[in-house]
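Here's a quick tour of the model, written for someone who likes to know the cut-offs. Have a look at the fold before reading on.

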Amino acid sequence: QVQLVESGGGLVQPGGSLRLSCAASGNIFSVGTMGWYRQAPGKQRELVAAVTDYGRTDYLESVRGRFTISRDNAKFTVHLQMGSLKSEDTAVYYCNAEVVVGGGKNRYQEFWGQGTLVTVSS
C-alpha cells in the first residue's frame, strides 16, 4: 500500500548537524501533512516538526530556530535539517504522513516509518 522509509540518523557531536530524510512510496494519490516525531528514553513521543501540503510549518518550541523541515511534493519526501544539536535531541525519530491512497476515493490515512536513531554525544 504505502511505505515510509527514513534515512540519515546516526551519531553526531554536540553542536553538529544532521539531515533526516523520509520518502513515501506505493499506491499514493496525494500526501497531506508530513512530520517528524521523536521518542527519547523514558519519555513520551512528541511532535518535532510538521509541514502541510501547502507549506505551513509547526515546530516544537525547543527546536525552533535550530531545525528546519521541508518537503518535495513531487517526490513525496520530507526532510528535517537539524543544527546546533544537543544531547537532549537524542531520540528515535519517526516520519509520519497523511496519505490518500489509490485513485483518490479514500480519505487521508496515517502512515509511520520504522524510525531512525539520532544520538548526540561527544
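In which loop is Ser84 found? Ser84 sits in the loop between strand 8 and strand 9, where strands are DSSP E runs of at least two residues and helices are H or I runs of at least four, both numbered from the N terminus.

Some ground rules. This is a predicted model, where local features need pLDDT of at least 70 and side-chain atom pairs count only at pLDDT 80 or more, while totals for chains, interfaces and linings use all residues. Residues are numbered from 1 along each chain as its sequence is written, and side-chain values use heavy atoms, with hydrogens and water left out.

**Overall picture**

The protein has 0 helices and 11 strands. Its radius of gyration, taken over C-alpha atoms, is 14 Å, close to the 14 Å from the globule rule (2.2 Å times the number of residues to the power 0.38) for 122 residues, so the protein is as compact as a globular protein of that length. The C-alpha trace spans about 50 × 25 × 25 Å along its principal axes.

Of the 122 residues, 41% are buried (under 20% relative accessible area; exposed is over 50%, partly exposed in between, with a 1.4 Å probe and protein chains only). Taking contacts (heavy atoms within 4.5 Å) with a separation of 6 or more, 57% join residues 24 or more positions apart.

**Asp89 and its surroundings**

Asp89 counts as buried because its relative accessibility is 2%. Its side chain makes a polar contact with the side chain of Arg38 at 3.0 Å (a pair of N or O atoms within 3.5 Å; within protein, one must be able to donate a hydrogen and the other to accept it, and residues adjacent in sequence count only if both atoms are side-chain atoms). Leaving out residues up to four places away in sequence, Asp89 touches several others, including Arg66, Phe67 and Ser84.

Most residues other than glycine have a negative phi. Here are two that go the other way:

| Residue | Phi | Relative accessibility |
|---|---|---|
| Phe76 | near 55° | 26%, partly exposed |
| Ser84 | about 50° | 44%, partly exposed |

Phe76 lies in the loop between strand 7 (67-72) and strand 8.
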